Amino acid sequence: MERPQSHLCLGAISQLLCVRPGFQPAERYRQCEMSSRNKLPVLDVLQGKESFRRVSMLRIDIQSVPPVVTLRCSGRIVLGVEAETLRCMVGTRPERCVIIDLQQVHAMDAAGLGLLVELHCRAKQRASILTVANPSPCVRRLMALTNLSSVLQVAGPSAGAAAHRDDDEGRRCAMSA
Amino acid sequence: MEPEALAAEFVFTGDPAAMTAVRDRVMDFVHEHCADEQQEIDIMIALQEGLANAVLHGSGNDPSKIIRCLVDVTPEAITIVIKDSGKGFDTAVAVDSAEDGTNLTQHGRGIYLMRGLMDEVSYRHGGSELRLKKLRTPQP
């Protein structure tokens, strides 16, 4: 069965900087361009290496099978537009069970971690469920560093798949993930 | 052959949007000097925290305030110094509230995170200058 899907992608933001006279930025500082077709920033190729920093700032793919919604995040969740976008996205979802999949999140800062805690606390207040699924090694390490692994509800790779099974068992599984 | 030392200074205003751009420019500068991607991610997150603190706390989100970010790359280490024009803060009071896992607020993880990710984190001038150091060859 075809799942309802949508996605939100934030492109690169560039801003003029003041740099010390004499400092010559190398030619590799190419601006990220927005592809008109898929709205994803074009990857900047740095001496043959693709920089992970040039991957889209934050992309959220949404898969909804009420009462469960999975928000698959890719890119980075840091202070600013990325964290705000995820906050708004979770806040406006009507589903009772929200799964935030962080498998493709390559960087997160204290604001991103704080946001997960905020969403977790808000979900508890509303008697809904918020699960962090598939944290990438980077996110897992940061959560361990800040001792958040024991605070947040963290699920493994199977949580998302189980949540979207059509049967009641799948939903129960998601609700208890 | 890589030069013995490289340095760059980035100057920006106390504006969150400018901070994001500076973070990316600094990372562009240090990118090729990192030992691996993990080291680069560590520096990026610590840098993000340092810059965010300078903008939010040191400058109060005031675009008229100036923040300076100096980056030094030597064969031994990558050092980033962030100077804001704020009054600083009592670094002794900046407790690691996340240490015991009971911090359920949105804030209070930045300094702790920087200390976990970098080899050296220190404050000078009453907290208005932050110094972050990452050894290029990780210590065993």
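A residue is called buried if 20 or more other C-beta atoms lie within 10 Å of its own, exposed if 12 or fewer do, and partly exposed in between, with the C-beta atoms placed from the backbone. This is a predicted model, in which local features need pLDDT of at least 70 and side-chain atom pairs count only at pLDDT 80 or more, while totals for chains, interfaces and linings use all residues. Residues are numbered from 1 along each chain as its sequence is written, and chains are lettered from A and ligands numbered from 1 in the order in which they are written.

**View 1. Chain B as a whole.** Of the 140 residues in chain B, 41% are buried. Chain B holds three helices and five strands, where helices (H or I, at least four residues) and strands (E, at least two) are DSSP runs numbered from the N terminus; their order along the sequence is β-α-α-β-β-α-β-β. The predictor's confidence in each residue, pLDDT, runs from 0 to 100, and its mean for chain B is 85, with 84% of the residues reaching 70 or more.

**View 2. Strand S2 of chain B and its two partners.** Strand S2(B), residues 66–73, has a covered face made of Ile67(B), Cys69(B), Val71(B) and Val73(B), and an uncovered face made of Ile66(B), Arg68(B), Leu70(B) and Asp72(B). Two strands are said to pair if DSSP finds at least two bridges between them, and S2(B) runs antiparallel to strand S1(B), residues 6–13, to which eight bridges join it. On the covered face, Cys69(B) is the bridge partner of Phe10(B). Strand S3(B), residues 77–83, also pairs with S2(B) in the antiparallel sense, over six bridges, and a hairpin of three residues joins S2(B) to S3(B). Leu70(B), from the uncovered face, stands opposite Val81(B) in S3(B).

View 3. In strand S6(A), residues 68–77, ten of the ten residues are buried. Strand S5(A), residues 58–65, pairs with S6(A) in the antiparallel sense over eight bridges, and these two strands form a hairpin with two residues between them. Ser74(A) in S6(A) faces Arg59(A) and also stands opposite Gln104(A) in S7(A). The pairing of S6(A) with strand S7(A), residues 97–108, is parallel and has nine bridges.
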